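Please keep the sequence and the structure in view while reading.

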Amino acid sequence: MTRGPDLVDQILALDPGRRDIAAFSSPGAATKAARALRGARRVLIVTGFAVEPDMPETDGPPGATVLGRALRRLGARVTYVTDTVNVPLVEAALKVLDEPLDVVVYPSGADGARRLLDAEKPTHLVAIERPGRNRAGDYLNMRGDSVAAWNAPLDELFICSGDYRSGDRKPSLDRGWPEKGASRLRTPAQRSRRRTTRRPVTVGIGDGGNEIGMGAVRAKVARLDPLRARIATVVPVDHLVVAGVSNWGSYGVVAALGRLVGSDLLHTPELERRLIAACVAVGACDGVTRRREHTVDGLSADTHAAIVDLFRLAAIGVPGFAARSGMIGAGQPRRRS
């Protein structure tokens, strides 16, 4: 019997920003990421994107905290890593979800990434809507403007993670990753020769091509147009999830996790509205419109709440899941409001 398209994939394929995400996304990505995260023990979740000075956007922190909550419920220790301007957003979202405020500000200094990795020893690294450096070593937004001055280089965590427990104490700047001017990665063979212990599994979630993780599909992104070729990051991950909105990518992974374990791990549409409102209340803006309003990437909070409902429907598509989880559709018709 031929299986029909996965509803999670269909939701993730929605492209409200007309960014041609079909050109660099892959069906089944959320499920693969969920399988990789299912047994996570220690997770660092990196998020937060300041589109202008002191203007962090609403896309990222909601998705990061919803995914973090799901992983914590499955037994993982979850720590959120961001820069100072995004701390209020992440903490506000965690408060809405009644989650611990386990937020770490990315350390300053050339060896900040290594110090943090040594301290936390993550089994998994996850990036959600966080800028990654391009071939010139700069960080660009979707308009092609540099945002390096107000976004700390958190992608260094992913660059260093392949070797950080191998005993190689040389700074990453000596390994082909200068702060500016990086043009290529070391080959997998070169990396494996230095590695003596298993590195963290890496997951990236984005929606435009300039986010951490999109280095895995950089060639496809760069072929779209000259602007995309400039902004495309070179930082790859093991598992890349592409969505029309990065928050949706996180929710897709949570829906897939729920299906794997037979449990309701998603938040509710009402919590989605509250997450967005809480971020705006502490200074977040819409990354597209640059306005401080209850929107994400130009779409209303009601639109995002409806997407959460769709993901829940996708999650209960597994036979027997709804009855075990008590989710909508289990045992009685869903009442429409």
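At what angle do H4 and helix H11 pack, and how far apart are their axes? In this predicted model, H4 and helix H11 (residues 269–281) pack at an angle of about 150°, and their axes are 8 Å apart. Because an angle over 145 degrees counts as roughly antiparallel, H4 and H11 are roughly antiparallel to each other.

**The H4–H11 contact**

- The crossing in which H4 passes H11 is right-handed.
- On the side of H4 the contact is made by Leu89, Ala92, Ala93 and Val96, and on the side of H11 by Leu271, Arg274, Leu275, Ala278 and Cys279.
- Sorted by type, the residues of the contact of H4 with H11 comprise 8 nonpolar and 1 charged, with no polar residue.

**The sheet**

- An open sheet is formed by 6 strands, which follow the order S5-S4-S1-S6-S7-S8 and pair in parallel.
- Strand S5 (103–105) and strand S8 (239–242) are the edge strands, each of which pairs on one side only, and from one strand to the next the twist averages 20°.
- Strand S1 (residues 42–47) and strand S6 (residues 124–128) run parallel and are joined by 5 bridges; threonine 47 has isoleucine 128 in S6 as its bridge partner.

**Helices lying across the strands**

- Helix H3 (residues 61–73) runs at about 165° to S4 and lies across S1, strand S4 (77–82), S6 and strand S7 (201–206).
- Helix H4 (residues 87–96), which also takes part in the packing with H11, lies across S1, S4 and S5 and runs at about 175° to S5.

Terms used
Residues numbered from 1 in each chain as written. Predicted model: local features only at pLDDT ≥ 70, side-chain atom pairs only at ≥ 80, totals over all residues. Heavy atoms only, no water. Pairing = 2+ DSSP bridges. Helix = DSSP H or I, 4+ residues; strand = E, 2+ residues; numbered from the N terminus. Axes fitted to C-alpha atoms, helices over the stretch in contact; angles between N-to-C directions. Contact = heavy atoms within 4.5 Å. Parallel < 35°, antiparallel > 145°, perpendicular 65-115°, else oblique. Left-handed = near helix turned anticlockwise from the far one by under 90°. Nonpolar A, V, L, I, M, F, W, Y, C, P; charged D, E, K, R; others polar.
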